Amino acid sequence: MQIYDCKVNHLTNPLGFRMTRTVFSWKVKNAIGKQQTEARIQVAADEKMTQILNDTGWSKELDSLASSVEVELKPTTRYYWNVSVRSNASVKNEAGDMITEEATGAVQWFETGKREQPWTGKWITCNNKEARHPIFEKEICLKKEVEKARLYICGLGLYESYYNGKRIGDEYLTPYSNDYTQWVQYQTYDVTNLIGEAAGITSGNKISIILGNGWYKGRFGFSEEGKNGYWGKEWKLIAELQLFYKDGTSEIIGTDDSWTVKRSNITFSNLYDGEHQDDTLETIPEELAVFCDAPEGTLSDRMSLPVRMHETFKPVKLLHTPAGEEVFDLGQEFAGIFTLRVQEPKGTKIHIQTGEVLQNDNFYNDNLRSAKSEYIYISDGKEHILMPHFTYFGYRYVKVEGVHDLKKEDFTGIALYSEMKEAGQLETGNPLVNRLVENARWGLKSNFIDVPTDCPQRDERLGWTGDAQVFSPTATYLEDTYAFYAKYLYDMGKEQSHRGGKVADVIPSPGVDSTACVWGDAACIMPWNLYLFYGDKAILEDQFESMKSWVDYVRKVDGDNHGWRYVFHYGDWLALDNPNPGPETVMGGTDEEFIANLYYAVSAGLVAKAAGVIGKKAEQEEYQKLSEEQFEIVKKEYYSPTGRCCIKTQTALLLTLKYNLSGNEELVKNQLRKLYEKNNGKLKTGFVGTPLMCNILSDNGMEDIAYGLLLNEEYPGWLYEVKLGATTVWERWNSLLPDGTISGIGMNSMNHYSYGSIVEWMFRHGAGINTVDNMPGLRKISMAPTPNPELGFMNASYDSSCGTYKCGWKLLSDDEIQITAEVPFGGQAELILPYAPKEIFEDKDNLVTANVKDGICILEPGTYEIQYKLTKSMKKEFSLDSTCRELLKNAEIKAFMDEEKWDVPLQYLGNTVNEMHELFPPAAPEERMERLEEFLVNFNNR
C-alpha cells in the first residue's frame, strides 16, 4: 500500500503561497484493500514529526479528495505533515497476525510567506527616463554562518534576481500577471544553498535584481493607455533577504535608498514586440535608488504557479527561402524563448524574428498584426549565447539575420509554461487523431503562461474568459489545472469587486470593460467544473461571491424587459452559419438573445447548486427559483407548443438537447440530424456549439455523427488542419486555405486552444472515462467506450483526484472486441460494454461481469479485461440503402461511381440511393442502380 501525490491546497510542497485554509489531499495505490476506512493527518513543526501541532487522530471523516484541517499559521514558517491510511483489508504482520492494512506517506512540507508580517524592505525605483533596464544591487556582508535564508521579492514590471552572478530560482516572467490595482504578488525563494556557497566570504557578496517592463509597464492590451504601460509608468522593486544564523540570531536586508542602480545593456522589452540588447554600450555611472509609492494593489502572497522552462527543440531544418532568408523550422509550434550561440564582429546587428507559418515558402508573420515579435542584438565581438529575459514568443519558424555562418546546432527553442502535472493520456489507431490530441495539448501549454490566454503570438495574449471556459474540461483531462485556474478565478473575483459583479471579457483586464454571455458565465461554469473534477468544495467557497455577483449583475441589466438580451454578445462566435458569410464574418447564425437568456438561466442554476454544496440554503432557493423562471422564459420565447426550436441552427438544437428545453426530444434529434445531412455531415458551429457538440451528440445516441465530425478530413474539421501540417489548434476552421495560403490577417491565430475541446469528448465518450455529476471528484465514473473501425483502438488514462482510471477498447476483428479498464483505490466505475451479447453477462468468472446491475458492470478498484463477439459488426457494409454521402466518402466506391457517371445532386447527399431513385429517378436510373448494387456486393464480400 503506497500513499502518493500528497498536496496541500492542491500544491506539492508549496513555498510562500497564499493560504486562507489548509486543505490536504492524497492518493493510494498498490493496496490490497479497495477503500479507505480511516485516515489520520498530523502536522508538525519539525521534519521528524516529533513536535506535533495538530493530530486529527484516526477518523472516518477524512476524505482523500479534500480534508480541511485547522492549523494556526505563522508567517515565514515551514510546517511538516503526513497522512496515514487504513484500508478495508486485513494483512499479516511479521509475527503472522492479521492486522488492518495501513500505510503512512512520506513527510511533506509547506512554508508560509510573510502573510501579515510587516515589510522591512521599502518600494524603490530609479530614473525611469533612461531606457536601459535597471539593475538594483546591494552588497551583502555575511556576519555569521547562515542556517536558513529566504528572499521575498516583487519587481515591476518583471524581474530576475541573482546572487553573486548566479540566478535565483528557475522561474520566468515573475511576478506574473494580474490586475495590479487590486493585488500584487511577491515570490519566496529558498536561497540557503546559494548563500551557503559564499560561506566564509564576508565581503563582496552581492544581490542583483534586473527589471523589465512586462504586463505592468510595457505595451499590453487594446487601450491607448496600454501602449505605454497600462498599470504603471515606472519600475518598482521591493525585496527582503532574511538571514537566519546558526547561533539563533537573524537579520533582514531590505530594499531602501542605500541600494545602487546600474544600467544593463537591455534597451527595450515588452511582451508583444520582443527585446533589444546592445553590448557595445558604454557603462553609465551608478546612481542611488530612491523611494517610490507602492503600487495601488495590495502586496500579497503568491498564487501563480511557477512558469518554468520545459521542452527544448532543435531545428529540424535550416531553410534558405526563395526570398533569400535563413529560417529555422522547429517542427512544433509552442510558446517560449530561445538560445542562439553567436560571435560576430563588434557592431554587427543580429535580428531574430518569429512566425507561425510560411507563405510561398518564405518567412511570414503578418498575422501577428502589430506585434513585432523580434529580438535585436548588437554584438561586442565576443562569443555569447543570446537568450531573452523579459518577453516570450509564440512560434515555430525563426528568421535570423546578421549571423554569417548560421548552424542548426547553435539554436535551441525553449518552451515556457506554468508548472502543472500531466493528468491524461490518450492514443488511438489513427495517426491524424493522435496528432490532434497533441495539438490540443500544445495549445494548452502555449497558452498557459500564468493566465489562460487566447493566443501566445500576436498583439493580444489576453485571458479571454470565453476561451478559458469552453476549454476548461479538456484542459483538466490533460493536466492538473486546479491551482492554475484557482488563481485565474481569484483574479476574476478581484476584478468583479470594482465592476459591480461584471466580468470583463478578458481577465486580468488592461482596460477592457466589455462583457458578454458565455464569456462572463465563466465565473459560474469554471468553478463548478473544478468542483466536479476535484471534489473540493473550497473552490465554491472561494468563488461563491464571484458566481453570485455575476448573476446579480445580469439580473440588474435584464431588469423587467429582458435588457440582458439586447446588449452586445459574441454569441456562437466564429460559427459558419451566418446568413451573410464572408471572409471577415465573425458572428454565428444562432440568435445571440437566445444564447444570452439561456446562459443566464444556466449560471443562476449553478449558483443554486454551489449554494447547496456549501450550505447556503437561502441562496440555493433564491437562485434555483431564478434559474427555473429564466428557463421557462426561454422555452416560451423560442419553442413552439410541439417542442420545435424556432432557431434552426446546429448550436441551437444542441443547446436544446443539453438543457432539455423541448418536450419533444425525438423531434429535436431529427431536426439536428437533418441539419448535419444538409451540410454534408459537417459542422457549422462556433465557440458556443463546438465544445459541447460531440458530447451532446453521444449523450443522445448520435455517436455516428460525432465520429463523422471527428474524422472529417475536409474543411471545416479538425483533421483538415492536421493534414495541412498544424501542430497546434487553429482559431478559425479555415485559418489556412487548402493550398496553405493564410485566409486573413485581421484575427487569425494558428495557436488557439478553444476548438481543441474535442479532446474532452474523446476522453468522455470515445475512450469512456466520463465524470458523474452527483459524484464530484471522480469517486465514481461512467465507462461507456464507443468503438469505431476507422480508429481500430483507443486507450485513455486519467490520473484523477481519486487516482488513475484507465479505459480502452481494441477491435480484434470486425466482430470481436477487447475492453480493458482500471479503477483506482477508492474509486468505482459503471461499465457499459458496447454491443455485448446477453450471454456475456452470465460469465461470473470474469471480474468484469461478476457484478452486473441492469446490464451495467460495476467495477471496484482493480484491473479488468474482457473479450467478446459483438452483436453488431464493425465492418462498414455498403448498399443501396447507404446514403450517397457515405458511398462517395469511400475513394474506391467514388471512383466506380465517377466512372459510371453518377452525378448526385447536392440535395440528395443525405438520402440513400434507393430514396434518390424514388424522389428523382433521372439521378439514379435503374440500370446504373443494378451495376452499383453488384459492385457493392462484391466490395463487401472481399
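Ala, Val, Leu, Ile, Met, Phe, Trp, Tyr, Cys and Pro count here as nonpolar, Asp, Glu, Lys and Arg as charged, and the others, Gly among them, as polar. The model shown in these views is predicted.

**View 1. Lining of the second largest pocket by residue class.** With those classes, the lining has 18 nonpolar, 12 polar and seven charged residues. The lining is made up of 37 residues. Those that lie nearest the centre of the pocket are Asn 529, Lys 658, Tyr 659, Leu 692 and Asp 773. The space in this pocket is about 1100 Å³.

**View 2. Elements around the second largest pocket.**

**View 3. Packing of helices H6 and H8.** The axes of H6 and H8 lie 9 Å apart, and the two helices pack at an angle of about 45°. H6 and H8 are therefore oblique to each other. The crossing in which H6 passes H8 is left-handed.

**View 4. An open sheet of three strands.** The strand order is S1-S2-S5, and the pairing is antiparallel. Strand S1 (2–8) and strand S5 (67–68) are the edge strands, each pairing on one side only.

**View 5. Strands S2 and S5.** Strand S2 (residues 23–29) runs antiparallel to S5 and is joined to S5 by two bridges. Val 23 has Ser 68 in S5 as its bridge partner.

Definitions and conventions
Residues are numbered from 1 along each chain as its sequence is written. This is a predicted model: local features need pLDDT of at least 70, side-chain atom pairs count only at pLDDT 80 or more; totals for chains, interfaces and linings use all residues. Side-chain values use heavy atoms; hydrogens and water are left out. On a 1 Å grid over the protein atoms alone, a cavity is a set of points where a 1.4 Å probe fits but cannot get out, and a pocket is an open set with protein on both sides within 12 Å along at least five of seven lines; lining residues have an atom within 4 Å of a point. Grid points are joined across faces, edges and corners, and a volume is the space filled by probe spheres set on the points. Helices (H or I, at least four residues) and strands (E, at least two) are DSSP runs, numbered from the N terminus. Two strands pair if DSSP finds at least two bridges between them. Axes are lines fitted to C-alpha atoms, for helices over the stretch in contact, and angles run from 0 to 180 degrees between N-to-C directions. Angles under 35 degrees count as roughly parallel, over 145 as roughly antiparallel, 65 to 115 as roughly perpendicular and the rest as oblique. A crossing is left-handed if the near helix is turned anticlockwise from the far one by less than a right angle, and right-handed if clockwise.
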